[in-house]
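Open the model in your viewer and keep the selection tool at hand. The stops below go from one selection to the next.

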Amino acid sequence: MTTKGIENVNPQRFVKKTKREVTTQEEDESVKDPIDEREIFDLLRDISDPEHPMSLEELNVVQITNIEVDDHQNSVKVFYTPTIPHCSMATLIGLSIKVCLLRSLPPRFKVEVNISPGSHASEEAVNKQLADKERVSAALENSNLLEVVNQCIVKSLE
Amino acid sequence: MARLDEVCKLPGHQGIVWNVGWNHEGTILISCGEDKTVRLWARNINSENNLWVCHSILSDGHQRTIRSVSFSPCNKLIASASFDGTCCIWEKKTSTEGNQYECTATLEGHENEVKCVAWSASGSFLATCSRDKSVWIWEVGEDGDFECAAVLSAHTQDVKKVVWHPHQDILASASYDNTVKLFCEEDDDWVCFGTLKSHDSTVWSLAFDSSGKNLATCSDDRTIKIWKEYLPGNQFGIATSDNTPTWKCVCTLSAVHPRAVYDISWCHQTGLIATASGDDAIRIFRIDPESDPHAPTLEQLVTVPRAHEQDVNSVAWNPVITGLLASCSDDMHLKVWQYKG
């Protein structure tokens with residue numbers, strides 16, 4: 001690696017989606033709006049990459065087609081795609097996605113965050129770590145790590 | 001029809017409640033969690049509806065989440081294990097103001113988060129385990145000293161839980177490496193004499209039955225398993241080596257828990273097995289008495305689908321009051337339940 005610290009020096013930048021249009025039905029407070037894939041995508045799209053001044057949407061790390069939501073079953077599954085298969089930031093990105101959703105969604109939701117199958121060398125190990133609620137809780141008590149995670153998600157929570 | 005009735009719901013903790021347990025007389029309920037406190041709860045004798053109330057809060061012992069808590073067999077000491085890497089020993093002091101617990105010792109040595117602490121039935125040993133992959137055995141001295149008797153590095157990943165055999169100085173540990181290991185003392189040395197492999201993911205917890213000849217385990221792989229001890233020279237043709245017993249998986253229950261199973265408690269009075277799961281449910285099972293003891297089947301007696309509002313982290317049967325079960329959850333509450341068969 002020639003450039004110190006940064007692995008993927010020149011990542012491809014993808015086109016951003018337009019803002020979600022709010023329908024009249026959604027503005028009607030008497031109608032229950034189930035949480036859907038687009039809503040999850042909107043929560044995650046502005047998370048910053050830890051290495052680049054770009055969002056996870058611009059890097060195609062999160063895509064609406066890789067989000068599965070079942071509002072009735074309280075289930076949210078996000079598959080994210082690291083930009084390169086050896087990205088050492090994969091766990092941190094996954095943790096940021098998880099923390100962002102845990103803070104934004106009602107607690108009834110079960111949030112699963114996984115790497116898109118085949119997109120990372122340590123896919124299984126990273127998935128197992130992100131699924132371990134005890135490790136996630138302990139990690140978030142580490143003030144240095146929490147600071148880094150907060151930096152990544154600050155824009156998405158604005 | 002068997003039922004599990006909610007006796008009471010106990011608020012108080014400010015955050016995830018990670019672990020519940022009882023003292024050995026079954027009179028005190030104990031809990032700990034993310035708010036860095038240990039809480040003691042007792043039945044309110046002035047109340048007609050069997051409510052449990054918090055009567056002591058142990059704080060100022062730990063800097064981070066308290067993951068696990070355990071009463072000594074003499075009921076005078078409490079041990080707590082924390083993500084801050086230490087284990088605290090709390091001693092009951094009786095004064096004019098009533099009973100108070102004071103932190104009298106801090107056990108240091110683990111490199112990072114301590115996940116579990118457990119007293120041996122004899123009261124002679126304390127075991128701790130950590131994300132640093134090790135299991136420590138502490139010898140309990142008569143003068144209240146704790147001396148490290150062994151550091152066991154048999155697991156290849158974090159160790160989630162340690163549980164002692166109900167009658168012997170045998171320790172079982174469950175790990176993120178998907179295995180369970182068994183340890184005993186041999187010529188003044190602690191050794192691993194068995195590795196139980198069958199789960200496909202993290203083993204979160206385990207529990208012996210009253211005889212200590214059967215072990216139940218639960219896992220992130222959404223199954224629970226029953227393991228049986230076969231002694232050297234057994235008549236069932238199960239091979240053993242080095243004159244040590246073999247532990248064989250005799251039952252796997254899958255397709256019942258839709259999410260990870262975080263805890264399992266085997267009642268030593270009734271033989272009932274309770275599970276705590278990431279699907280917010282509590283389930284009660286028993287081994288079908290008609291089934292072959294070498295290939296038992298688990299009968300599901302009760303499911304409480306929304307036992308808590310979030311993940312259930314721990315369940316514990318009361319050791320004295322038949323059918324009384326405690327549970328705790330991410331939803332910051334404890335609950336007490338009564339089983340009716």
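A residue is called buried under 20% relative accessible area, exposed over 50%, and partly exposed in between (1.4 Å probe, protein chains only). This is a predicted model, in which local features need pLDDT of at least 70 and side-chain atom pairs count only at pLDDT 80 or more, while totals for chains, interfaces and linings use all residues. Residues are numbered from 1 along each chain as its sequence is written, chains are lettered from A and ligands numbered from 1 in the order in which they are written, and side-chain values use heavy atoms, with hydrogens and water left out.

Select Glu309(B). Because its relative accessibility is 46%, Glu309(B) counts as partly exposed. Lys9(B) is in strand S1 (residues 3–10) and Glu309(B) in the loop between S25 and S26 of chain B, so the bridge ties together parts 300 residues apart in sequence. Strands are DSSP runs (E, at least two residues), as are helices (H or I, at least four), numbered from the N terminus.

Next, select Arg306(B) and Asp280(B). Their closest N and O atoms are 2.9 Å apart, in a salt bridge. Arg306(B) is partly exposed at 49%, whereas Asp280(B) is buried at 3%.

Which residue of chain A meets Asp311(B) in a salt bridge? Select Lys110(A): the N to O distance is 2.4 Å. This pair crosses between chains, with Lys110(A) in strand S3 (residues 110–115) of chain A. Both Asp311(B) and Lys110(A) are buried. Over all chains there are 30 salt bridges.

Move on to the rings. Rings of Phe, Tyr and Trp (its six-membered ring) pair if their centres lie within 6.5 Å; planes under 30 degrees apart are stacked, over 60 edge-to-face, and the rest tilted. The structure holds ten such pairs over all chains. In one of them, Trp22(B) and Trp52(B) are edge-to-face, 5.3 Å between centres and 75 degrees between planes. Trp22(B) belongs to strand S2 and Trp52(B) to strand S5 of chain B, 30 residues apart. Both Trp22(B) and Trp52(B) are buried.

Last, select Arg135(A) and Tyr176(B). The charged end of Arg135(A) sits over the ring of Tyr176(B), 3.9 Å from its centre. The rule asks for NZ of Lys or CZ of Arg within 6 Å of the ring centre and within 35 degrees of the ring normal.

Note on methods. A salt bridge is a side-chain nitrogen of Lys or Arg within 4 Å of a carboxyl oxygen of Asp or Glu.
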